[in-house]
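Please look over the sequence and the model below before reading on. The paragraphs after it are meant to be read with the structure open beside them.

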Protein chains: 2
Amino acid sequence: MSGGMSPSEARSWAAMILEREGIALTEQERGAIEIADFGLSDLDRTGLEIVVYVNTDRYCAKELILFPRQTCPEHRHPPVGADPGKEETFRCRRGLVWLYVEGDPTPDIQARVPAGSEDHYTVFHEITLLPGDQYTIPPNTLHWFQAADEGAIVSEFSSTSRDEFDIFTDPRIVRVPKAE
Amino acid sequence: MSGGMSPSEARSWAAMILEREGIALTEQERGAIEIADFGLSDLDRTGLEIVVYVNTDRYCAKELILFPRQTCPEHRHPPVGADPGKEETFRCRRGLVWLYVEGDPTPDIQARVPAGSEDHYTVFHEITLLPGDQYTIPPNTLHWFQAADEGAIVSEFSSTSRDEFDIFTDPRIVRVPKAE
């Protein structure tokens, strides 16, 4: 583990942000906030804090919390059996998030690719999401996102989540919640 | 039309409530808030204000606004073709909502069945939802809900919405947005 935030510190911070912003969680949900460090142990820069509200075999809803300049690294949701792959809608609730998807690369993107990981970021079509803005990502489409300096809260509405099948561009990444 | 709220008044009120509660909408979404009066022209008592964030062929997400003591009347989401019927999760964000589903009737329920419509309410298993609480309703299950005195905001996460197929217990109800 590097000198950054621990998962339990990240969980407390995420819970505090949601409370401050008036997004109510139950006590159980607060304790169960998922801290995804993607196996990189660099949570301050590459990570995501997740509240899973519901994930049935038909749909899923989550709240995503991003700390200032925190990045969810590039990945896609491939077909799994009869499922064509997860389709998902990101709706910004607080702060500002830059989302990058396949398509014409935007010159001079506003996010900062995490230093040392440049090889693992390949799509640069920029979409800026402010509160009230949303964007739907088709299945099996590469994407990554980063919060601006004030952090962000993003609601994710989607088909069923099967995170264990996600394919990341960075071969070092393991999308498994880290044991504390 | 009775002496109650007009649809455009309801739309303005719902937009004001969301803004006050920090739930950001785009200008276009504000103007498109759906006012469901269920054909009863009694919006103050029986009605629902709806923001549809997304409704794909796989999932749907909405924000529901209920004015004080406003009721969404009893209905179910039947199978439609290959779809077993809409499955939906209600998550309370603000206020208090009483949800009634099939099951053991709760004695002395807290909601008030709209006067004159008593014959059209048949399920009375009460679930109280405060901010942070949620409940998932299986397909094809009768349910209705009412906000308490302060009104409520409820996030709905679900499989695809096909409102035109909903089956209401009250045969007078037509689930079609009313032209203004």
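What follows goes from the pairing of the chains to a strand, a helix and a set of salt bridges.

This is a predicted model, in which local features need pLDDT of at least 70 and side-chain atom pairs count only at pLDDT 80 or more, whereas totals for chains, interfaces and linings use all residues. Residues are numbered from 1 along each chain as its sequence is written, chains are lettered from A and ligands numbered from 1 in the order in which they are written, and side-chain values use heavy atoms, with hydrogens and water left out.

Seven of its seven residues are buried, so β3(B) is largely enclosed by the rest of the structure; buried means under 20% relative accessible area, exposed over 50%, and partly exposed in between, with a 1.4 Å probe and protein chains only. In a regular strand the side chains alternate between the two faces of the sheet. Here B:C60, B:K62, B:L64 and B:L66 point one way, while B:A61, B:E63 and B:I65 point the other way. Strand β2(B), residues 48-55, pairs with β3(B) in the antiparallel sense over six bridges, where pairing requires that DSSP finds at least two bridges between the strands, and a hairpin of four residues joins β2(B) to β3(B). Strand β8(B), residues 143-158, also runs antiparallel to β3(B), with seven bridges. B:L64 is the bridge partner of B:I50 and stands opposite B:V154 in β8(B).

Which elements cover the buried residues of α1(B)? They include α2, β1, β2, β3 and β8 of chain B. The buried residues of this helix, which spans residues 7-20, are B:P7, B:A10, B:R11, B:A14, B:A15, B:I17 and B:L18. They cover an arc of only 160° around the axis, which puts them on the same side of α1(B), the arc being that of the directions from the helix axis to the C-beta atoms. On the other side, B:E19 and B:R20 are exposed.

Over all chains, 30 salt bridges are found, each a side-chain nitrogen of Lys or Arg within 4 Å of a carboxyl oxygen of Asp or Glu. A:E34 and A:R175 form one, with their closest N and O atoms 2.8 Å apart, and this pair links parts of the chain 141 residues apart. A:K62 and A:D163 form another, at 3.4 Å; A:K62 lies in β3 of chain A and A:D163 in the loop between β8 and β9, so the pair ties together parts that are 101 residues apart in sequence. These four residues are linked in a network of salt bridges. Between the chains, B:R58 meets A:D83 in a salt bridge of 2.8 Å, N to O, and both residues are buried.

Terms used:
Helices (H or I, at least four residues) and strands (E, at least two) are DSSP runs, numbered from the N terminus. The expected span of a helix is 1.5 Å times one less than its number of residues. Contact means heavy atoms within 4.5 Å.
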